[in-house]
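Trainee: I have not looked at this one before. Can we go through it together?
Mentor: Fine. Open it up and ask as we go.

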Amino acid sequence: MAASEERRTLEPEKQRLLNQHKEKHFTAGEIVRDIIIGVSDGLTVPFALAAGLSGANATSSIVLTAGIAEVAAGAISMGLGGYLAAKSEADHYVRELRREEEEIVAVPDTEAAEVAEILAQYGIEPHEYGPVVNALRKKPQAWVDFMMKFELGLEKPDPKRALQSALTIAIAYILGGLVPLIPYMFIPRARDAMVASAVLTLLALLIFGYAKGYFTDNKPITSALQTALIGAIASAAAFGMAKAVHP
C-alpha cells in the first residue's frame, strides 16, 4: 500500500518546482459567462421596452410597471434557461461516462487503440506511448477519465452547477434590468425619463462592457464600445417601431 502511494507522488524535485511556481489562471469562466448573459440582457431588454413605451407616449408609471413585470418574467425565464442548459450538460456527461465505462470492458483493444491515436496526435512515438496505454489499461477509472477529457473533450460538471447558473443569471438580469428603470421612478414625464434612462443605461453598458473585456482577456475599450452599440441599436429600434405604430 505504501509503495503504491509512493508511486503516485511526484519526485521531490518536481514537487518543489511546482510549489515554487504558482500559476495564476482565471478559473471562474462559467460564473462570468452567466453574469455576462444576465447583465447584458437585463440592461438591453428592459431599456428597449422602456424606450418603446416612451415612444408610444406612455406615462412613466406605465413604463415602470411594464418594466418591472418584464424584469421579473425575464429573470425567471433566463434563470430557468440557465438551469436547463447546465442540467442538459450534466446529463450528457453522465451518458457518455457510462458509454465509456461499457466500452473499456466490451472492446478494450479498440479503446486502447484510441488512446494510442490520441497520443500520436501530439507527436508521441509508439515506443513512448506504449507504456502509457498499458498503464491506463490497468487503471479503469483513470482510463475512463482520460477518454472523457481527451477523446470527448468533456470535463466533469459541478453537481451544483445547474442551480448556481440559474441563480447567477436571474440575479444578474434583475440587477441589470433595474438600471434603465431608475429614472422612471423619479421623473413623471416619460420622455424626460427616457433621456435620463438612455444616458444611465449607456454608461452602465460601457462600464459592463469594459469589465467583460477585462475579465475575458479581450480588449476592454473595444468590448465597452461594442456592448454600448448593441444596446443603443436595440433601444433605437424599439423606439422607432413604437413611433411608427403609435405616432
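Trainee: Is leucine 205 buried or exposed?
Mentor: Leucine 205 is buried, because its relative accessible area is 0% and the cut-off for buried is under 20%. Keep in mind that this is a predicted model.

Trainee: Which helix is leucine 205 in?
Mentor: Leucine 205 lies in helix H10, which covers residues 190–215.

Trainee: And what does leucine 205 touch?
Mentor: Not counting residues up to four places away in sequence, leucine 205 touches Leu43, Thr44, Ala224, Thr227, Ala228 and Gly231. As for threonine 227, its C-alpha is 6.0 Å from that of leucine 205, with the two residues 22 apart in sequence.

Trainee: Step back a bit. What secondary structure does the protein chain have?
Mentor: The protein chain has eleven helices and zero strands. Of its 247 residues, 34% count as buried.

Trainee: How many of the contacts join residues at least 24 apart?
Mentor: The figure is 73%, taken among contacts between residues at least 6 apart in sequence.

Trainee: What is the mean pLDDT of the chain?
Mentor: The mean pLDDT is 81, and 85% of the residues reach 70 or more.

Trainee: Where does pLDDT stay under 50?
Mentor: Over residues 1–7. For that stretch the model has zero contacts beyond four places in sequence.

Trainee: New topic, helix packing. At what angle do H4 and H8 pack?
Mentor: Helix H4, residues 60–106, packs with H8 at an angle of about 155°, and their axes are 7 Å apart. That makes the two helices roughly antiparallel, because the angle is over 145 degrees. The crossing of H4 and H8 is right-handed.

Trainee: Which residues in H4 and H8 meet?
Mentor: On the H4 side, the residues include Gly74, Met78, Gly82, Tyr83 and Ala86. On the H8 side, they include Leu163, Ser165, Ala166, Ile169 and Tyr173. By class, the contact of H4 with H8 has twelve nonpolar, five polar and three charged residues.

Trainee: Take serine 165 from that list. Buried or exposed?
Mentor: Serine 165 is buried, with a relative accessible area of 2%. Serine 165 sits in H8, which spans residues 161–178. Leaving aside neighbours within four places in sequence, serine 165 is in contact with Asp34, Gly82 and Ala86.

Trainee: And leucine 163, buried or exposed?
Mentor: Leucine 163 is exposed, at a relative accessible area of 53%. The cut-off for exposed is over 50%. Leucine 163 is found in helix H8.

Trainee: What about H4 and H7, at what angle do they pack?
Mentor: H4 and helix H7, residues 140–151, pack at about 125°, with axes 10 Å apart. H4 and H7 are therefore oblique to each other. H4 passes H7 in a right-handed crossing.

Trainee: Which residues of H4 and H7 meet?
Mentor: Tyr93, Glu96, Leu97, Glu100, Glu101 and Ile104 in H4 meet residues of H7 including Pro140, Trp143, Val144 and Met147. The contact of H4 with H7 divides into eight nonpolar, no polar and four charged residues.

Technical notes:
Residues are numbered from 1 along each chain as its sequence is written. This is a predicted model: local features need pLDDT of at least 70, side-chain atom pairs count only at pLDDT 80 or more; totals for chains, interfaces and linings use all residues. Side-chain values use heavy atoms; hydrogens and water are left out. Helices (H or I, at least four residues) and strands (E, at least two) are DSSP runs, numbered from the N terminus. Buried means under 20% relative accessible area, exposed over 50%, partly exposed in between (1.4 Å probe, protein chains only). Contact means heavy atoms within 4.5 Å. pLDDT is the predictor's confidence in each residue, from 0 to 100. Axes are lines fitted to C-alpha atoms, for helices over the stretch in contact, and angles run from 0 to 180 degrees between N-to-C directions. Angles under 35 degrees count as roughly parallel, over 145 as roughly antiparallel, 65 to 115 as roughly perpendicular and the rest as oblique. A crossing is left-handed if the near helix is turned anticlockwise from the far one by less than a right angle, and right-handed if clockwise. Ala, Val, Leu, Ile, Met, Phe, Trp, Tyr, Cys and Pro count as nonpolar, Asp, Glu, Lys and Arg as charged, and the others, Gly among them, as polar.
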